Amino acid sequence: MNVDLARWQFAFVTINHFFFVPITIGLAFLTALLQTAWYRSKRDEYLRLTRFFGTLLVINVAIGVVTGLVQEFQFGMDWGAYSRLVGNIFGAPLAMEGLAAFFLESTFLGLWLFGWDRLPRRVHLATIWAVSLGTVLSAAFIMAANSWMQHPVGYKMVNGKPQLNDIWALFTNPVFVWGYSKVLFASLVTGAMVMLAVSAWQLRHGQDKDVFVRTARLSLVVLVPAILFTMLVGDELGVIEARYQPMKIAAAEAQWTTCQPCSFSLFQIGGGNNDQVPTQIIEIPHLLSLLATNTWNGKVIGMTPLQNQYSKQYGPGYYVPDVFIQYWGMRVMAYLAVVVTLIGLWGLWLIRRKKLATSRLFLWVATWAVVLPFLMNTAGWLLTESGRQPWIVQGLMLTKNGISPSLSTTWIAISLGVFVLVYAVIATVELLLMIKYARQSLPPPRAGADVDQPVPAVQY
Amino acid sequence: MSGLVPFWFIVIAFFWTGFFILEGFDFGVGMLHDLVGTDEASRRAAINTIGPLWDGNEVWLIVAGAAMFAAFPGWYATMFSAFNLALVLVLVALIARGLAFEYRGKRDSPNWRRTWDTALTAGSLLAPLLIGVALGDLLHGLPIDSAQNYTGSFWDLLQPYGIFTGITLVAICALHGATFLELKTTGDMRQRAGHLARLVAPFTAAAVIGFIIWTHVTHTNAFFLNPIELLAVLAVLAAAWLVYEPHRHGFAFAATTVTMASCIVAIFVGLYPNVMVSTTSTANNLTVHNTASPAYPLKVMTVVAIVLLPIVLAYQAWSYYVFRRRVSAQEFQAPAHQEPAQAGVPAAGDAPRP
């Protein structure tokens with residue numbers, strides 16, 4: 001009961017946090033690009049765009065920061081036994097994240113926001129790049145920590161407890177290398193889709209069409225390679241996870257028995273338990289073999305043999321994750337990636353035909369497509385995190401053993417309730433403000449548009 | 001035992017102290033912004049004295065927590081589990097504050113702004129109070145069993161000494177914030193800040209002296225105060241005197257800074273070598289030794305801290321230098337109508353400064 005509630009709480013706050021993180025990573029980079037364009041070209045419209053998207057970025061960062069606080073404290077609050085056992089390993093990248101990334105991000109965001117009229121143009125440009133670097137570094141450290149839970153490396157067992165003995169192993173962990181790349185590309189996709197949606201709405205309803213067509217183009221040019229790389233990296237990550245967490249991949253295909261070669265079903269009905277025979281609809285031969293092993297005839301071990309193997313290795317228990325979440329998490333993520341790719345290619349084709357600003361249908365689709373990256377990101381994380389279950393650290397510690405022993409059910413229920421309430425309020429406020437500021441018209445062009453004229457600072 | 005264990009205790013005490021010095025005046029400004037600011041323009045001016053800085057200041061708390069996680073996982077696990085519900089409240093308070101900064105100017109409606117003003121005041125009061133209770137409880141002691149697990153209820157967290165620590169920190173934050181506002185504002189606002197400082201100073205002085213004596217008797221039988229405790233008493237007396245001096249605002253702020261620093265350090269000095277006292281049995285005390293990470297991770301973290309910390313301190317100091325100018329209410333006066341501040345469209349009040 002306690003474990004279930006604590007897991008709901010962790011999943012709830014983490015999924016919410018990760019709505020804001022990829023926007024921040026993506027938009028910080030794109031805003032830095034816009035400001036660089038202004039710095040180099042000295043054209044006023046790039047300044048106006050920088051300020052416009054900078055406002056959206058700041059609205060997001062605020063929530064990313066405050067929900068990030070919760071993330072940092074969660075481990076100790078609810079997962080005390082976990083923190084005690086692995087803190088010497090897992091805590092290290094977290095502390096590095098604070099020192100290397102959070103300070104950088106927050107200090108330079110203040111300098112960027114309030115420093116428009118106080119810093120030389122070149123230094124001010126450097127501050128937004130420092131913010132962007134901070135977001136990217138932050139993701140690196142937390143992904144190193146998360147990857148360690150998926151595939152623990154760089155430690156030795158001393159008296160039955162894991163002790164860090166090679167910090168570099170955390171950062172050369174293949175799960176980290178590919179998982180981190182995937183997060184970065186997915187964040188670019190998210191940031192680009194947000195920028196595209198805002199620009200598309202402005203092209204349909206706003207006044208500054210000639211200006212927003214620039215960001216529509218920029219976002220598409222970033223989006224298409226980013227989504228292609230997300231899928232390529234995701235494919236490699238799947239192969240790596242199949243190696244270290246075979247159960248995760250078998251569950252993603254609801255593959256109870258071992259197969260070779262293995263096909264991929266477009267969708268299926270049933271199959272959540274091993275006595276059910278799923279009705280698989282439209283099977284694509286060899287595709288699962290390709291996804292899981294990168295070979296045409298690769299073998300994928302089924303969940304039943306894996307369950308038997310784990311029972312022998314780790315003692316009696318049920319080692320199969322929630323098959324429904326795995327199967328559909330995988331498909332929602334993959335199918336939406338295809339949809340996003342098609343939208344991106346459609347946009348590029350319209351750029352080539354010089355019809356981007358006038359194709360009402362595309363602009364309408366591009367506006368609403370803003371929900372897709374969030375669904376993809378969430379589905380991907382559910383696949384990754386739920387697929388690790390029942391382990392909190394793969395092969396080392398079970399989730400049910402990681403919880404703080406001192407917690408009562410009432411405590412967790414209260415804190416879960418409070419977080420749901422608070423997050424509902426802040427998500428609503430954020431959404432309303434994002435929509436409001438995304439629909440605002442651009443700041444007016446500056447009279448004379450003299451570059452050396454100071455740009456007024458932002459203030460609360 | 002690795003010599004790095006006491007070193008990391010000092011590093012963590014340093015982060016907590018830095019957090020309270022920096023975020024301390026942010027909390028104070030948050031509590032007082034509505035009293036120093038009598039109208040919208042001056043309230044905005046008060047908030048903007050810490051506008052570019054508060055976020056970086058708050059990171060000190062995150063880093064303090066993360067450093068405990070990495071260097072003393074046992075301490076982090078026991079403390080954060082024990083204070084679970086209290087920390088939920090701390091987080092809610094910090095969320096309310098953080099969002100108030102970013103969002104209060106984002107809609108042009110008095111009700112909207114007043115709501116966020118209330119959130120800012122309440123969050124700024126609640127956060128140091130609760131964190132203070134937690135720090136006080138570390139020294140006073142909590143029911144902890146031999147497996148280092150907290151065995152008490154939520155109400156066991158509300159120890160008189162812990163509560164008094166919280167109240168003392170709120171009082172110091174208020175005075176610290178008032179002296180900060182006196183340094184960073186002009187005209188009427190500056191006078192109101194000075195007035196508030198003089199109003200709060202006697203209470204802060206009384207609270208700090210009471211807190212130091214209570215702390216002293218909690219951790220030792222020695223008669224004389226140790227140097228850090230003595231420093232706290234002298235600093236708060238100096239602060240209470242300096243706020244009455246018309247041209248000593250810089251010194252007054254320095255004195256409240258030292259007061260805050262020495263009070264936090266006094267708690268950690270009182271604790272060492274314990275990190276959490278157990279009321280069940282002294283054998284169950286959490287100490288730096290029985291909660292610390294092994295030598296290798298401490299070594300890694302030491303290298304990281306030695307490389308990064310000077311850089312962090314340098315650019316944070318630089319950002320304080322960039323924003324050293326006073327903020328005046330005139331900058332935020334809206335002539336005809338008030339536009340919400342948006343990046344790009346400077347609100348009418350954000351007139352370019354000379």
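Two strands count as paired if DSSP finds at least two bridges between them. Helices (H or I, at least four residues) and strands (E, at least two) are DSSP runs, numbered from the N terminus. What you are looking at is a predicted model, where local features need pLDDT of at least 70, side-chain atom pairs count only at pLDDT 80 or more, and totals for chains, interfaces and linings use all residues. Residues are numbered from 1 along each chain as its sequence is written, while chains are lettered from A and ligands numbered from 1 in the order in which they are written.

**View 1. A hairpin in chain A.** Strand 1 (residues 155-158) and strand 2 (residues 161-164) of chain A make a hairpin, with two residues between them. In the turn sits A:N159, which has a positive phi of about 50°. The two strands run antiparallel and share four bridges; look for A:Y155 opposite A:L164 in strand 2. Strand 2 of chain A has a covered face, with A:P162 and A:L164, and an uncovered one, with A:K161 and A:Q163. In a regular strand, side chains alternate between the two faces of the sheet.

**View 2. A strand out in the open.** Here's strand 4 (residues 279-284) of chain A: of its six residues the number buried is zero, so the strand lies largely in the open. (A residue is buried if 20 or more other C-beta atoms lie within 10 Å of its own, exposed if 12 or fewer, and partly exposed in between; C-beta atoms are placed from the backbone.) Its partner is strand 3 (residues 264-269) of chain A, in the antiparallel sense and over five bridges. One pair to pick out is A:Q268 with its bridge partner A:Q280.

**View 3. A bent helix in chain A.** Helix 3 (residues 80-114) of chain A spans only 40 Å between its end C-alpha atoms, whereas a straight helix of 35 residues would span 51 Å at 1.5 Å a residue. (That expected span is 1.5 Å times one less than the number of residues.) Where does helix 3 of chain A bend? The spot is A:G87, and the bend there is about 90°, taken as the angle between axes fitted to the seven residues ending there and the seven starting there. Helix 3 of chain A is mostly covered, too, with 35 of its 35 residues buried.

**View 4. Where chain B touches chain A.** In this view, 68 residues of chain B are in contact with 68 residues of chain A. (Contact means that the C-beta atoms of two residues, placed from the backbone, lie within 7 Å.) Helix 2 (40-50), helix 3 (54-71), helix 4 (73-82), helix 5 (84-103) and helix 12 of chain B each supply at least two residues of the side that touches chain A. That side of chain B has 45 nonpolar, 17 polar and six charged residues. (Ala, Val, Leu, Ile, Met, Phe, Trp, Tyr, Cys and Pro count as nonpolar, Asp, Glu, Lys and Arg as charged, and the others, Gly among them, as polar.)

**View 5. A tryptophan in chain B.** B:W318 is found in helix 12 (residues 295-322) of chain B. Is B:W318 buried or exposed? B:W318 is exposed, because it has 12 other C-beta atoms within 10 Å. B:W241 is 77 residues from B:W318 in sequence and 31 Å from B:W318 in space, C-alpha to C-alpha.

Notes
Expected span 1.5 Å × (residues − 1).
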